[in-house]
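Please follow this explanation with the sequence and the three-dimensional model side by side.

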Amino acid sequence: MGEGERFQLGTVGALTLSVVSSVSIVICNKALMSSLHFIFATTLTSWHLLVTFCSLHVALKMRFFEHKPFEQKAVMGFGILNGISIGLLNLSLGFNSVGFYQMTKLAIIPCTVLLETIFLGKRFSKRIQFALSILLLGVGIATVTDLQLNALGSFLSFLAVITTCVAQIMTNTIQKKYKVSSTQLLYQSCPYQAATLLIAGPYLDKLLTNQNVFGFKYTTQVTVFIILSCLISISVNFSTFLVIGKTSPVTYQVLGHLKTCLVLAFGYILLRDPFSWRNILGILIAMIGMILYSYYCTLENQQKTVEAASQSSQCFQAREDESDPLMNVENGSAVVSSNVGQRQMSPVWSKSKD
């Protein structure tokens, strides 16, 4: 199996792991919050990150991966920014309607495209932009129901979009700049993310729910679902860094909308959530957008591979052409020397002839 095939297989595995684990944790958390009334989302996320760090520390001690330290300021800034973005997304949901919150999540893709174009010089073809537009239209039809605007909620949503985009772009660029794996980056940034949310989580949850997380009655069933959610989160956090590292922040967001469509479908099938023709139409349009995006990305990657191969062959040909004159000089000198030899030998033959 070639290196390209291994990379493709690893990417497919990362995407699959991300989808399965994310859909699983959404269903688990939905049961935890809707049925068991544990509504402290930010604090729960901090526990997720703490358990993830502990599990990675055990994996490090068992030598499943190698610790690779790099610039501490970059790790700290990245970890704190990730924690802030999670807190802001939860605040956005708390101070806005569900429909406006879904619009906030939809805004992450165009914002990421804009930031990568301006600051990283990345170019997105018209075909990719068209596919993303179809995708966003479908998800918007399926999820956005009501749009109730307020100044504070809009400002929080704006901050949530910016911080999420920057954090996801940094996830990709840090892995490439410092040549660290997704596991190494997650291990080093997890403590800062967890600390940020452990400190801010109880206050945010108190602000949003008017309840104290430490005053909640923890039954056996609630505890079991919290533990299950924390265990699934290990896979969610790992696959998030893995997907962004292997693909791009935009592809990760496209995958996120696929998860949204799957959650809607599973919610209807398993939990009997209300489902309308608008949801079905939106999911179908979104799936068309995802298929087009995947197809165009594959097509452009193949074109890049062909162009890279042709450029390398041209460089090789140019090197051969550069080496030809030297060969010609050597051949020419050999011919000249042989002609000189013949000329020098010709009088000898004539003398003998005489």
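Ser 233 is placed in helix H9, where helices (H or I, at least four residues) and strands (E, at least two) are DSSP runs, numbered from the N terminus. The model is a predicted one, in which local features need pLDDT of at least 70 and side-chain atom pairs count only at pLDDT 80 or more, while totals for chains, interfaces and linings use all residues. Residues are numbered from 1 along each chain as its sequence is written, and side-chain values use heavy atoms, with hydrogens and water left out.

With a relative accessibility of 2%, Ser 233 counts as buried, given that buried means under 20% relative accessible area, exposed over 50%, and partly exposed in between (1.4 Å probe, protein chains only). When neighbours within four places in sequence are set aside, Ser 233 is in contact with Ile 25, His 48 and Thr 52, contact meaning heavy atoms within 4.5 Å.

Why is the pair of Phe 78 and Phe 241 called edge-to-face? The ring centres of Phe 78 and Phe 241 are 5.9 Å apart and their planes stand at 80°, so the pair is edge-to-face; rings of Phe, Tyr and Trp (its six-membered ring) pair if their centres lie within 6.5 Å, and planes under 30 degrees apart count as stacked, over 60 as edge-to-face and the rest as tilted. Phe 78 is buried at a relative accessible area of 0%, and Phe 241 is buried as well, at 6%.

In total the structure holds eleven aromatic pairs. One of them joins Phe 65 and Tyr 187 in an edge-to-face arrangement, 5.7 Å from centre to centre with 65° between the planes. This pair links distant parts of the chain, with Phe 65 in the loop between helix H2 (41-61) and helix H3 (72-95) and Tyr 187 in helix H8 (residues 182-209), 122 residues apart. Both Phe 65 and Tyr 187 are buried. Elsewhere, Phe 38, Phe 40, Trp 47, Phe 216 and Tyr 218 form one aromatic cluster.

The UniProt annotation "transmembrane region", from an unreviewed entry, covers several spans, including residues 99-121 and 128-145; UniProt positions are given in the numbering used here, feature names are shortened, and annotations may be inferred rather than shown by experiment. In the model, residues 99-121 are 87% helix and 0% strand, with the end C-alpha atoms 33 Å apart, and residues 128-145 are 89% helix and 0% strand, with the end C-alpha atoms 27 Å apart.

Helix H5 (residues 108-119) contains Phe 119, which is exposed at a relative accessible area of 64%. Arg 127 lies in helix H6 (residues 126-143), and its relative accessibility of 31% makes it partly exposed. Not counting residues up to four places away in sequence, Arg 127 touches Tyr 296, Leu 299, Glu 300 and Gln 303. Arg 127 and Tyr 293 are 166 residues apart in sequence, yet 8.1 Å apart in space, C-alpha to C-alpha.

The last stop is helix H11 (residues 277-353), which holds Ile 280, a residue that counts as partly exposed at 28% relative accessibility. Ile 280 and Cys 261 are 19 residues apart along the chain, and their C-alpha atoms are separated by 9.3 Å.
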